[in-house]
Amino acid sequence: MYPVSIAIDGPAGAGKSTVARMVAKRLNFLYVDTGAMYRTVAYLCIAHSVDATNSQAIIQMLNQHDVTFQMSDDGFKALVDDVDVSVQLRDPKVSAHVSTVAAHHEVRSRLTTWQRTFAKTQSVVMDGRDIGTVVLPDATIKIFLTADVEERARRRQREFCKNGHDVPLEEIIQAVAERDARDSSREIAPLKAAGDAIQIDSTGKSAERVVDEILSLVEDAH
Ligand code: C5P
């Protein structure tokens, strides 16, 4: 049987990662957090003072480091030269840089190839911005997950808080809206729902409820 792939796209803070991880666990599929992959590139730019607007410098930097991703029940981990940098990826500075890095064709093409490799041999739940449109256009099920911007910002605030960053809500609303605008308006692989994606609005819903909705769609697809 061919591997099954579930693509979950949507704007920042819509709950994609939480829901995708839970769906993957319930189905015993691999969870691939493609946002963490772009964040790893942004983190490396900051750590090595590489200009995030210079795609050639970014590719050169990537060639100089051993970047790997580990997927397990604990979630999705990013390792740079064997050091786990997963916590650093949630830093607000990384969030501020990541959509600039993600706009480069060279960066996207490298990460897209990697993401497709994961889905070739194993069943996956993959979340991001362009999974249903570009990375896995033949995904078994495509979800476009949204929520209103204030709720999304509150979720990000709780995530920042857990990682020791105290950021005012207004600041997060603005940052999230700006990032969505950059992700939606870029030329290559912009954030948008695939024509055949099923839209789920998670405003006011628990993660468990959204997971159940997705699992029933998976069951219907069989
Ligand atoms: O999902 P997360 O908020 O961690 O994604 C961080 C950023 O990575 C997004 O704002 C976007 O710029 C970029 N991204 C992307 N394509 C994906 C996943 C993430 O451009 N498939």
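Buried, in these legends, means under 20% relative accessible area. With that cut-off in hand, let's take a walk through some close-ups of this predicted model.

**View 1**
On the pairing side, β2 runs parallel to strand β6 (residues 124–128), and four bridges join the two.

**View 2. Ser-5 in strand β1.**
Where does Ser-5 sit? Ser-5 belongs to strand β1, which spans residues 5–9. Its relative accessibility is 11%, and because buried means under 20%, Ser-5 counts as buried. Once neighbours within four places in sequence are set aside, Ser-5 is in contact with Val-124, Leu-136, Ala-139, Thr-140 and Ile-141.

**View 3. The open sheet β3-β4-β5.**
Here three strands form an open sheet in the order β3-β4-β5, with antiparallel pairing. β3 (67–72) and β5 (83–84) are the edge strands, each having a single partner, so one side of each is left without a neighbour in the sheet. Strands of a sheet pair through backbone hydrogen bonds, in either a parallel or an antiparallel sense. Between β4 (residues 75–80) and β5, the antiparallel pairing extends over two bridges. A handy landmark is Val-80, which stands opposite Val-83 in β5.

**View 4. The largest pocket.**
How much space lies in the largest pocket? The volume is about 1100 Å³. Its lining is made up of 48 residues, and those nearest the centre are Ser-17, Arg-21, Arg-90, Arg-156 and Glu-159. Sorted by class, the lining has 21 charged, 14 nonpolar and 13 polar residues.

**View 5. The second largest pocket.**
This pocket holds about 250 Å³ of space. It is lined by 13 residues, with Pro-92, Ser-95, Ala-96, Phe-160 and Ala-175 closest to its centre. Three helices, α4 (92–101), α7 (149–162) and α8 (169–185), each supply at least two lining residues. Which of the elements gives the largest share of this lining? That is α8, with seven residues. By class, the lining of the second largest pocket divides into seven nonpolar, five charged and one polar.

Rolling a probe the size of a water molecule over the atoms shows where empty space is left. In this structure there is one cavity of 30 Å³ or more, and the largest cavity contains about 40 Å³ of space. Around it are Met-37, Thr-40, Val-41, Leu-62, Val-67, Phe-69, Leu-111 and Trp-114. At least two lining residues come from each of α2 (34–47), β3 and α5 (105–121). The most come from α2, which gives three residues. The lining of the largest cavity has seven nonpolar residues, one polar and no charged.

Val-87 lies in the loop between β5 and α4. Is Val-87 buried or exposed? It is exposed, with a relative accessible area of 58%. Val-87 and Asn-163 are 76 residues apart along the chain, and their C-alpha atoms are separated by 7.4 Å.

**View 6. Two loop residues with positive phi.**
Asn-28 has a positive phi of about 60 degrees, although it is not a glycine. This residue lies in the loop between α1 (16–27) and β2, and at 70% relative accessibility it counts as exposed. Ser-49, also not a glycine, has a positive phi of about 50 degrees. Ser-49 is found in the loop between α2 and α3 (55–63), and with 69% relative accessibility it counts as exposed.

An unreviewed UniProt entry places the feature "domain: Cytidylate kinase" at residues 6–219. In the model, the end C-alpha atoms of residues 6–219 lie 12 Å apart. The span is 52% helix and 17% strand.

Methods
Residues numbered from 1 in each chain as written. Predicted model: local features only at pLDDT ≥ 70, side-chain atom pairs only at ≥ 80, totals over all residues. Heavy atoms only, no water. 1 Å grid on protein atoms, 1.4 Å probe; cavity = no way out; pocket = protein on both sides within 12 Å on 5 of 7 lines; lining within 4 Å. Points joined across faces, edges and corners; volume = space filled by probe spheres on them. Nonpolar A, V, L, I, M, F, W, Y, C, P; charged D, E, K, R; others polar. Pairing = 2+ DSSP bridges. Buried < 20%, exposed > 50% of the residue type's maximum accessible area, 1.4 Å probe, protein only. Contact = heavy atoms within 4.5 Å. UniProt positions renumbered as here; feature names shortened; annotations may be inferred.
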